[in-house]
Amino acid sequence: MPFSSPTEPRTRAALAVAGLPLAFFAAMLLLPLCLIGAISLAESDPALSPPFRPWWSGDGGIGLKSYALVLEEGIYARAWLDSLRIAATSASLAVLLGYPLALAIARAPEKLRLPLLALAVLPFWTSFLVRVYAWIGLLRHDGPINALLLALGLSEQPLPLLYGEFAIHLGIVYSYLPFAILPLAANLMALDSRLLDAAADLGARPMSAFLRVTLPLSAPGIAAAFLLVFVPALGEFVIPDLLGGPDNLMLGRLLWNEFFQARDWPLAAAITLMLLAMVVLPLLFLSRLLGRLAPGGRG
Amino acid sequence: MSEALLVLRGLSKRFGATAAVDGVDLEILPGEFFALLGGSGCGKSTLLRLIAGLERPDGGAILLEGRDITREPPYRRPLHMMFQNYALFPHLTVAENIAFGLRRQGWRTPAIAARVEEMLALTHLTELAQRKPHQLSGGQQQRVALARALAPRPRLVLLDEPLSALDRKLRQAMRTELAAIQREVGITFIIVTHDQEEAMSLASRVAVMDKGRILQVDRPQALYERPRDRFVASFIGQVNVLAGTFRSDGGRLLFDCPALGACFQIAEPLPGARTLAIRPEKLRLADPSGPRLPNHFRARVESIEYRGENSLIRLEAGALSLLALHVHRDRRGDEDPPIGAEVCLEFGPADAFLLPD
């Protein structure tokens with residue numbers, strides 16, 4: 001060490017505390033990621049089990065063939081864009097729906113806040129899969145929603161609600177809404193109510209106080225809520241598979257197909273890594289944006 | 001029509017079972033620097049929030065320039081508050097914070113820019129206009145909060161413990177500055193404080209509050225020299241309290257004090273009073289050659305707190321414990337008596353005052 005500082009023992013202690021989680025992180029995330037990276041560079045061979053030639057033990061070649069395939073085939077680019085678009089619109093919808101709910105929870109009397117938050121996450125008490133299945137029943141041609149629409153005379157014939165982007169959006173927003181509400185509620189509850197007093201005192205009507213004070217100060221909460229829905233929605237497999245119908249190919253589903261049906265592990269590994277890049281890039285962008293928006297940031 | 005700027009009539013506010021503000025009547029005159037003084041939880045901040053419209057009263061009325069504003073929302077009241085801990089908008093710059101009220105109240109852009117400049121100059125913040133609140137010191141934040149409240153030219157500015165977050169030295173400086181700014185802008189100020197020195201030195205009139213009620217409203221001098229309430233007498237400054245009976249004897253006003261075995265002449269009557277109060281600095285050590293003032297008694301020095309310009313002497317007389325302030329006016333011959341010494345204390349008839357029970 002070129003110089004020692006009085007904080008050195010503290011740094012060492014911090015490292016010791018962080019050591020275990022870091023080791024866990026390395027073992028459970030970085031190691032498998034390296035493995036996937038290695039597989040993505042291997043040659044596919046359906047005759048083998050697992051179905052690829054492990055180049056690291058001298059069997060088969062090493063190359064970017066799988067990546068080239070992903071880039072060449074239009075289907076992957078389309079799936080990439082579709083996933084991005086569907087994840088972004090559903091995350092936006094979840095934030096739009098979650099914001100008023102979070103605000104209501106944050107403005108509720110203190111005694112009610114925790115029970116209301118518990119209600120918001122209540123759906124988690126039943127299986128995710130079961131809840132998505134339930135939507136099939138609700139959205140079906142002869143399901144209760146179509147029956148209601150017909151009975152009310154709002155529609156002449158049953159609407160094709162199931163199997164399409166409408167159902168996927170609905171499924172994602174429904175399933176991930178608590179993820180949007182929680183960070184927003186946490187952010188809005190931490191908002192100093194005296195700032196709203198000050199805004200009102202200076203002549204701001206409630207709407208103006210919301211737009212000028214509450215909304216800008218909740219930007220970090222909005223970003224967190226968006227990301228917490230956007231990121232899992234990007235790789236979502238169950239919802240597009242059950243509600244999306246055969247035409248829809250979101251990346252998660254494509255990945256599953258390549259892995260289990262086509263048994264092309266190198267290709268599936270390449271898609272995985274590209275999906276990861278797709279998640280990390282918007283994350284970096286948003287954290288940059290947040291740094292600028294946060295009260296502590298320099299404008 | 002009253003000439004008062006602000007009139008409070010029987011104003012009350014309850015939080016659950018406790019009355020935070022309990023039937024307050026008050027008149028504030030235009031241009032006045034008024035202080036609400038009281039300990040924590042006395043209801044002074046709640047009273048301020050009621051005036052600002054941030055709390056709804058349970059009873060009573062608030063009139064501003066003769067207009068009933070009791071039911072008006074805060075954003076329609078032409079008065080602004082300087083919050084404790086300032087409540088500056090963290091996402092806005094100093095200039096934007098000051099402009100906030102002007103924008104909400106529909107000022108035109110050139111007028112806003114001019115007014116913000118003016119306020120920045122008044123509070124010596126011109127160089128810091130583009131900073132965010134977290135980049136400012138406590139004293140600077142305090143000035144931004146004041147500038148923000150003053151900018152829209154309100155009829156009244158409410159200041160909630162404006163100096164309490166500052167350290168002692170800065171507090172002194174800001175107190176002087178606050179008084180100067182109030183004189184310069186001529187806007188009526190109501191300040192809430194728990195610091196009696198702050199209230200007395202800043203305000204032209206002070207209301208002393210306890211348990212949601214206003215006990216006395218007066219000029220600082222009157223509050224100190226002629227308190228009409230036992231709480232007021234002991235809250236502002238220190239006071240010696242003697243039990244006894246007041247009587248009037250052939251035109252002479254007398255107070256019998258059995259604990260001291262003495263009968264004192266007093267100047268102001270209060271029929272039925274059983275308490276005589278006297279401030280420590282009014283209790284003088286009599287000259288060794290004998291007392292010159294009509295009221296005197298003997299006491300023993302228990303302890304002395306030497307403070308340079310004066311000494312606070314703790315004395316015992318019988319079962320009574322008393323405080324006397326010995327002012328050092330003279331470099332020689334004005335020394336403190338030794339601890340344990342028997343001394344003679346004296347005071348004039350006008351130096352003591354009777355308190356109601």
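Which ring does the charged end of Arg279(B) sit over? The ring is that of Tyr224(B), and the charged end of Arg279(B) lies 4.1 Å from its centre. A charge sits over a ring, by the rule used here, if NZ of Lys or CZ of Arg is within 6 Å of the ring centre and within 35 degrees of the ring normal.

Now some ground rules. This is a predicted model, where local features need pLDDT of at least 70 and side-chain atom pairs count only at pLDDT 80 or more, while totals for chains, interfaces and linings use all residues. Residues are numbered from 1 along each chain as its sequence is written, chains are lettered from A and ligands numbered from 1 in the order in which they are written, and side-chain values use heavy atoms, with hydrogens and water left out.

Let's take chain B as a whole. Its secondary structure comes to 8 helices and 21 strands. Helices (H or I, at least four residues) and strands (E, at least two) are DSSP runs, numbered from the N terminus. The C-alpha trace spans about 75 × 45 × 35 Å along its principal axes. Chain B has 357 residues, and 53% of them count as buried. Buried means under 20% relative accessible area, exposed means over 50%, and partly exposed is in between (1.4 Å probe, protein chains only).

Next, contacts, meaning heavy atoms within 4.5 Å. Take the contacts in chain B between residues at least 6 apart in sequence: 65% of these join residues at least 24 apart.

And the surface? Chain B exposes about 16,400 Å², with carbon and sulfur atoms supplying 48% of it. Those areas come from the Shrake-Rupley method with a 1.4 Å probe; for residues, only the protein chains shown count as cover.

Charges next. Chain B carries 46 positive and 43 negative side chains, and the centres of the two sets lie 6 Å apart. Lys and Arg count as positive, Asp and Glu as negative; His and the chain ends are not counted. Each charge is placed at NZ of Lys, CZ of Arg, CG of Asp or CD of Glu.

Staying in chain B, find Leu120(B) in helix 3. Is Leu120(B) buried or exposed? Leu120(B) is buried, because its relative accessible area is 1%. Setting aside residues up to four places away in sequence, Leu120(B) touches Val94(B), Ile98(B), Leu125(B), Thr126(B) and Ala129(B). Arg247(B) is elsewhere: 127 residues from Leu120(B) in sequence and 61 Å in space, C-alpha to C-alpha.

Now two loop residues. His124(B) lies between helix 3 (109-122) and helix 4 (138-150) of chain B. Its phi is near 55 degrees, a positive value in a residue other than glycine. His124(B) has a relative accessible area of 57%, so it is exposed. Lys211(B) sits in the loop between strand 9 (205-210) and strand 10 (213-218) of chain B. Lys211(B) is not a glycine either, yet its phi is positive, about 50 degrees. At 63% relative accessible area, Lys211(B) is exposed.

Over to chain A. Thr214(A) is in helix 9 (residues 206-217). Its relative accessible area is 1%, so Thr214(A) is buried. Its contacts beyond four places in sequence include Tyr99(A), Leu103(A) and Arg107(A).

Pro50(A) lies in the loop between strand 1 (43-44) and strand 2 (52-53) of chain A. The peptide bond from Ser49(A) to Pro50(A) is cis, with omega near -5 degrees.

Last topic: aromatics. How many aromatic pairs does the structure hold over all chains? There are 17. Rings of Phe, Tyr and Trp (its six-membered ring) pair if their centres lie within 6.5 Å; planes under 30 degrees apart count as stacked, over 60 as edge-to-face and the rest as tilted. Why is the pair of Phe52(A) and Trp56(A) tilted? Because their planes stand at 50 degrees, with the ring centres 5.9 Å apart. Phe52(A) is buried at 7% relative accessibility, whereas Trp56(A) is partly exposed at 44%. Phe259(A) and Phe260(A) make an edge-to-face pair, 5.1 Å centre to centre with 65 degrees between the planes. These four residues belong to one aromatic cluster, which also takes in Trp55(A), Phe237(A), Trp256(A) and Trp265(A).
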